[in-house]
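Open the model in your viewer and keep the selection panel at hand. The tour moves from stop to stop, with a selection at each one.

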Amino acid sequence: MIVKLNIVDMTDDGRGIGKTSDGLTVFLDSCLPGDTVKAKIIRRKKNYAEAELLEILSHSNDRIDNNCITPAECGGCDFMEYSYPAQLRLKEKKVKDLLSRISNLDIEIDDIKYSNMKYNYRNKSILHVKNKDIGYFSKNSHNPIDMVNCLINSRISVEIKKEISKLLNRYGIDNIDNILIRNSKNDEEIMVVFITKDKKLKNIDKIVDQLVSKFPNIKSIILNINKDRRRLLGKEDIVIYGRNYINDYIKDLKFKISPETFFQINPEVTEIMYDTVLKYADIKDNDIVYDIYSGIGTISLFLAQKAKKVYGIEVVKKSVDNAKENAKLNNIENVEFLMGKAEEILPKFTNEKADIIVIDPPRKGCERSVLDAIVKMAPRTVVYVSCNPATLARDLKIMTENNYSVERVQPLDMFSHTVHVENVVKLTRNNN
Ligand code: SAH
């Protein structure tokens, strides 16, 4: 069946959401909110349908020229053809809608915050390698589209990718599966990780020499041995040049970052976000604070500068190791990092004093047992940092049914030109 659709919204994975004139919801790729399109229904479900785009009948007023020269199939970003103000409005609306629909909260949210660095902000790129192509997978596939340029990854990482493409061709290397490139703010320190099943790569010493002589700020080159296709990184790292970490700064604090540890990917928005966390936490000298899902201790160390004591909880061992070293590096002593799953560790602390709890879970949000433990610990404020508004909305519903109120919601444009949106939420305990 052929239908005419008005595209009214986007899904979390960047698909257009269209409506037919009789109100049927239809999902389809390659269109933007505000477009009117002709599409062919390919799957009809009870409450919605999926369709294939046939033709854009009229373009959204917010469409702009796409300056990216990598082929359009690249799945790296969703919004290169959507004006920046329209992206921001869409993200604000998405957060507000989810909080209303899932959390039952009809509240004002703050205007989304963003930085001046709207392009080339990503300090980490994970590129897939197949034959001679190195880049992001095209949408819904495992075929990388060779990255000619990239408007969201750091410029230096794009230059390094180009050089790596040349060198792998020149030396006939075909057993690298993925490449991770990380750079610190201002590109002062760079890490390159070649992810491969084999411990031996022919001519790797020549590649290392040439890469480092062209990019002297590369401080770390690592072979990561990974035979498990379900995960990106394997357990074994072999340092083939320099160190097994790079240093970066967030404001005045210095952090060691390893290949497998999490680090926020947009340096300028991270600073705005951490300021928001600190403002919402409003820590007093005597406060005992928990930072759950603490990564390499970034938020913990900022909290520790104000609190009496901070406990960080994190499941990845290497991150906990980095966090402990980072505390030392910054001469911060009132912080303790505990390794393990939040859902296993936190319930053991339910009888301990907790004034403020910060949570920053992965996309799937918090386990119910983590939220239950927080409610029992009864901190006066919970600051929830989230990269997924759908799971945030689900968890806020639970918190608001358990003696907490949402005071502030601050969306942040951490992932410009993609559909993703970060949020920091302030929750306070009722009858304080
Ligand atoms: N707050 C940190 C890290 C946030 S990312 C920062 O701002 O940099 C989320 C972190 O949660 C990751 O480091 C991940 O390893 C960790 N994590 C994931 N599942 C977890 C769990 N069940 N328990 C504890 N930590 C977990």
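## Stop 1: the ligand

Select the ligand and its surroundings. Of the 17 residues around the ligand, Gln264, Tyr274, Glu314, Ala342 and Asp360 come nearest; a residue counts as near if one of its heavy atoms lies within 4 Å. This is a predicted model, where local features need pLDDT of at least 70 and side-chain atom pairs count only at pLDDT 80 or more, while totals for chains, interfaces and linings use all residues. Residue numbers start from 1 along each chain as its sequence is written, and side-chain values use heavy atoms, with hydrogens and water left out.

Now show the polar contacts (pairs of N or O atoms within 3.5 Å; within protein, one must be able to donate a hydrogen and the other to accept it, and residues adjacent in sequence count only if both atoms are side-chain atoms). At glutamate 314, a side-chain N or O atom lies 2.7 Å from a ligand oxygen. At alanine 342, a polar backbone atom is 2.8 Å from a ligand nitrogen. At valine 315, a polar backbone atom is 3.3 Å from a ligand nitrogen. On its own, the ligand has 570 Å² of accessible area, and the protein covers 90% of that (Shrake-Rupley method, 1.4 Å probe; for residues, only the protein chains shown count as cover).

Color helix 5 (298–304) and helix 7 (342–345): each supplies at least two residues of the shell around the ligand. Helices here are DSSP runs of H or I with at least four residues, strands are E runs of at least two, and both are numbered from the N terminus.

## Stop 2: glutamine 264

Select glutamine 264, in the loop between strand 13 (253–257) and helix 4 (267–281). Is this residue, glutamine 264, buried or exposed? Its relative accessibility is 7%, so glutamine 264 counts as buried. The classes are buried under 20% relative accessible area, exposed over 50%, and partly exposed in between (1.4 Å probe, protein chains only). Leaving out residues up to four places away in sequence, glutamine 264 touches Asn123, Thr270, Met273, Tyr274, Asp360 and Met414, where contact means heavy atoms within 4.5 Å.

## Stop 3: salt bridges

The structure holds 31 salt bridges, each a side-chain nitrogen of Lys or Arg within 4 Å of a carboxyl oxygen of Asp or Glu.

- Select arginine 63 and aspartate 35: their side chains meet in a salt bridge at 2.6 Å, N to O. Arginine 63 is in the loop between strand 5 (48–58) and helix 1 (84–101), and aspartate 35 in the loop between strand 3 (25–28) and strand 4 (36–44), 28 residues apart. Aspartate 35 is buried, at 1% relative accessibility.
- Select glutamate 55 and lysine 38: the closest N and O atoms of this salt bridge are 3.7 Å apart. Glutamate 55 lies in strand 5 and lysine 38 in strand 4, so the pair ties together parts 17 residues apart in sequence.
- Select arginine 89 and aspartate 62, another salt bridge, at 3.6 Å. Arginine 89 is in helix 1 and aspartate 62 in the loop between strand 5 and helix 1, 27 residues apart.

## Stop 4: cysteines

How many disulfides does a search of the whole structure find? It finds zero, with a disulfide being a pair of cysteine sulfur atoms within 2.5 Å. Select cysteine 74: the closest cysteine sulfur, in cysteine 77, is 6.2 Å away, too far for a bond. Then select cysteine 77: the nearest cysteine sulfur is that of cysteine 68, at 6.1 Å.
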